[in-house]
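Please open the model in a viewer and keep the selection panel at hand.

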Amino acid sequence: MHMLKTARLAEMDWPRYAAAPLPTSPGPDLYRRRIEATRARMREEGIDTLVVYADREHFGTMVWLTNFDPRFEEALLVIRHDRKPLFIVGNECESYLGIAPMFAAGEIRHERQQSFSLISQPRTSSRLLSAILAGEGISHGTRVGVSGWKYFTAAEHPDPRHAIDAPAFIADVLRTLAGHDQVTNETAMFMSPRDGLRTVVDADDIAHFEYANSVVSQSMRSMLFALSDGMTDFDAVIAAGLNGLPLGCHPTFCTGDTAPLGLAGPMGNRLRRGQPLSANLCIWRANCCRAGWLASSAADLPDAASDYVEAFAGPYTVALDRWFSMMRPGVAGGDIKAEIDRLLPFGKFGVFLNPGHLIDTDEWVSSPIFEGSAIPLRSGHVMQVDIIPSSRTYFSARMEDTVVIADKRLRDELRARHPEVHGRIMARSDFMRDTMGFDVPETMLPLSDMAGIAPPFLFAPEKLIRLG
């Protein structure tokens, strides 16, 4: 039985880990395997043609399949069993297709479709989308699957199987060619937490996730140590020194009047002692978020929140300890949800969203953790520690980082293929367990250099909450 611990404030130095180097970019073999795995799933589902939709915000599945993400425009990837896949792109993405190793190797075709381009750009040198798709063999009776960004349940749509998450100008063409009932939403093929192709990783993937999380957590560390009374939020984010890797979502920085807004970015506001602050930095495969008070001690807080550590941040940290302890393959997501609800009652802590979700190049893929969920955690799940409390009195607390669930086979694979990555992960686990007092099972691999660290008083980042 998991024993609840007590939380106390202690002054300590933050650990320093060896910098994670940029892993080698994967070649076409990785994407060939993913395309073939997709075709195998298509055969299981009786799908003749799969159309993968992407745009600037919704690109994760296309990146996973090809390493190509559209810039400015929409794009489609058409996958059949009997021919090379086809990219359909607009004017500006055509020159960017070489980012996809299989395209560079001549194993993916492409066609320009200028309606995917920005308004008022040339429209004089492409065929109609209907002609392109008909040329790919889509005709009446063809079973067409569409993978967009979301799949739906019966609780939210009267016909979820036929609710296509792609623009009408694409979905209408597919339905006209194949027949309405023949076009189905197949996004779950990739994004379902139960069996989605994208929702488990291998050792090589972990190396890329670890690099991203090391980068973004070091940026968060730099920003937190730069905070000072009176500086602007612009200067705070500048201090983060992001290195230019693609963002998974925009940076947030909420304090003062913007604190309740949650998703607001920097606006030129000045930091003031005694105000709350939440901030996140997110790049592909990593998100690091912290929340607390612009304070050096409880003396800087509003009177009503002066017991912030004892009444709010401390119990939050205890709940995180329980969450970490449950990061094991086979644990049902509903059991995790129930434990967090028990430890952080909604009336006081206001945790509304799922306490944890899957992350990839898109910041939120899906989650096995929701009320009543029988979906088990799987080895290879990359989980975001995303438990977001909210209080009118205490504001919030946050230790949002990324971890991987790994059984012995995956851990052994990681140790053999990437011993340096494995070594850094073990160092983070040891710090969380031995210094900060968290229950870290061997099946949970922390990727962030800030794992276990969440200063409640952001003007005194050396004061940390330790469990005992």
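By class, the lining of the second largest pocket comprises 24 nonpolar, 7 polar and 14 charged residues. In this scheme Ala, Val, Leu, Ile, Met, Phe, Trp, Tyr, Cys and Pro count as nonpolar, Asp, Glu, Lys and Arg as charged, and the others, Gly among them, as polar. The model is a predicted one: local features need pLDDT of at least 70 and side-chain atom pairs count only at pLDDT 80 or more, while totals for chains, interfaces and linings use all residues. Residues are numbered from 1 along each chain as its sequence is written, and side-chain values use heavy atoms, with hydrogens and water left out.

Select Thr24, Ser25, Pro26, His208 and Arg285, which lie nearest the centre of this second largest pocket among its 45 lining residues. A pocket is an open set of points on a 1 Å grid over the protein atoms alone, where a 1.4 Å probe fits, with protein on both sides within 12 Å along at least five of seven lines; lining residues have an atom within 4 Å of a point. The volume is about 980 Å³, taken as the space filled by probe spheres set on the points, which are joined across faces, edges and corners.

Next, colour helix H7 (203–226), which gives the largest share of that lining, 8 residues. H1, helix H2 (60–66) and helix H13 (419–435) are also among the elements that give two or more residues. Helices (H or I, at least four residues) and strands (E, at least two) are DSSP runs, numbered from the N terminus.

Move to the largest pocket, with a volume of about 1,300 Å³. Select Thr252, Gly262, Leu263, Asn280 and Ile388, the residues nearest its centre out of 43 in the lining. That lining has 19 nonpolar, 15 polar and 9 charged residues. Strands S9 (276–283), S10 (286–293) and S13 (398–400) each supply at least two residues.

Now display the open sheet of 6 strands, ordered S5-S4-S3-S2-S6-S7 with mixed pairing; two strands pair if DSSP finds at least two bridges between them. Its edge strands are S5 (109–112) and S7 (183–185), each pairing on one side only. Within the sheet, S2 (residues 49–54) and S3 (residues 75–80) are antiparallel over 6 bridges. Select Val51 to find Val78 of S3 opposite.
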